[in-house]
Amino acid sequence: MQVRNSITLIGNLGSNPKTATLPSGRLATEFSLATNDYYKDKDGNRQTRTEWHKIKAYGKLAEVFDKHLVQGSQVCIVGALRYSKWIDKHDQVRVTAEIVADSFTFLSGGRQAAAEQELEEEVIQPSTNKPARKRSRKKAVVATEDVIPF
């Protein structure tokens, strides 16, 4: 039996992506994604519960997100769930959940074709200082760097 850490979310961006360059020179981006669940309360009224998720991406995928996603965009993100442990200013141990994206599908608007073309060109014309990697139209390889300087 194969055990895998995989999560798929469909939602809307709560903010524009924030992108930074890591000390290694690799791009990293981060944004929030809102998902909705619907349920009926005890009186039979439909209720909405909104959950907010922290999404991170690295490399070419970070570049595509930064260029093509804006607040309100609807997107499907597939990635891995990661937990970060940290100590707050009151010396309390805190745990934050985040999704490290490794593939996506734009669900809103005309930016999808441009983003897919950009990823496709990376496969056809890779830069001269790194080896070519085979990538599907909607997938990108993600490095596992844990720290984003935001």
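When I say buried, I mean under 20% relative accessible area, with exposed being over 50% and partly exposed in between, using a 1.4 Å probe and protein chains only. Helices, H or I runs of at least four residues, and strands, E runs of at least two, come from DSSP and are numbered from the N terminus.

Okay, ground rules. What you see is a predicted model, so local features need pLDDT of at least 70 and side-chain atom pairs count only at pLDDT 80 or more, while totals for chains, interfaces and linings use all residues. Residues are numbered from 1 along each chain as its sequence is written, and side-chain values use heavy atoms, with hydrogens and water left out.

Now the layout. The protein chain has two helices and six strands, and from the N terminus they go β-β-β-β-α-β-β-α. Buried residues are 33% of the 150 in the chain. As for contacts, meaning heavy atoms within 4.5 Å, take those with a separation of 6 or more: 61% of them join residues 24 or more positions apart.

Let's look at helix H1, residues 59–68. How many of its ten residues are buried? Seven, so to speak mostly covered: Gly59, Lys60, Leu61, Ala62, Val64, Phe65 and His68.

Phe65 takes us to the core. A nonpolar core here is a set of buried Ala, Val, Leu, Ile, Met, Phe, Trp, Tyr and Cys residues joined through side-chain atoms within 4.5 Å. The largest one has 17 residues, and Ile55, Phe65, Ile77 and Phe104 touch the most other members. Strands E1, E3, E4, E5 and E6 and helix H1 each put in at least two residues. Generally, in soluble globular proteins, nonpolar side chains tend to be buried together. Skipping neighbours within four places in sequence, Phe65 contacts Pro17, Thr29, Phe31, Ala57, Ile77, Ala101 and Phe104.

On to the rings. Rings of Phe, Tyr and Trp (its six-membered ring) pair if their centres lie within 6.5 Å; planes under 30 degrees apart are stacked, over 60 edge-to-face, the rest tilted. That rule gives three aromatic pairs. One of them is Phe65 with Phe104, edge-to-face, at 5.4 Å centre to centre and 75 degrees between the planes. This pair links distant parts of the chain, with Phe65 in H1 and Phe104 in E6, 39 residues apart. Then Phe104 and Phe106 have ring centres 4.8 Å apart and planes at 50 degrees, so that pair is tilted. Phe104 and Phe106 are both buried. Put together, Phe31, Phe65, Phe104 and Phe106 form one aromatic cluster.

Last stop, Ser73, in the loop between H1 and E5. Ser73 counts as buried too, at 11% relative accessibility. Its side chain reaches the backbone oxygen of Val70 at 2.8 Å. Not counting residues up to four places away, Ser73 touches Gly11, Asn12, Leu13 and Ser108.

Technical notes: A polar contact is a pair of N or O atoms within 3.5 Å; within protein, one must be able to donate a hydrogen and the other to accept it, and residues adjacent in sequence count only if both atoms are side-chain atoms.
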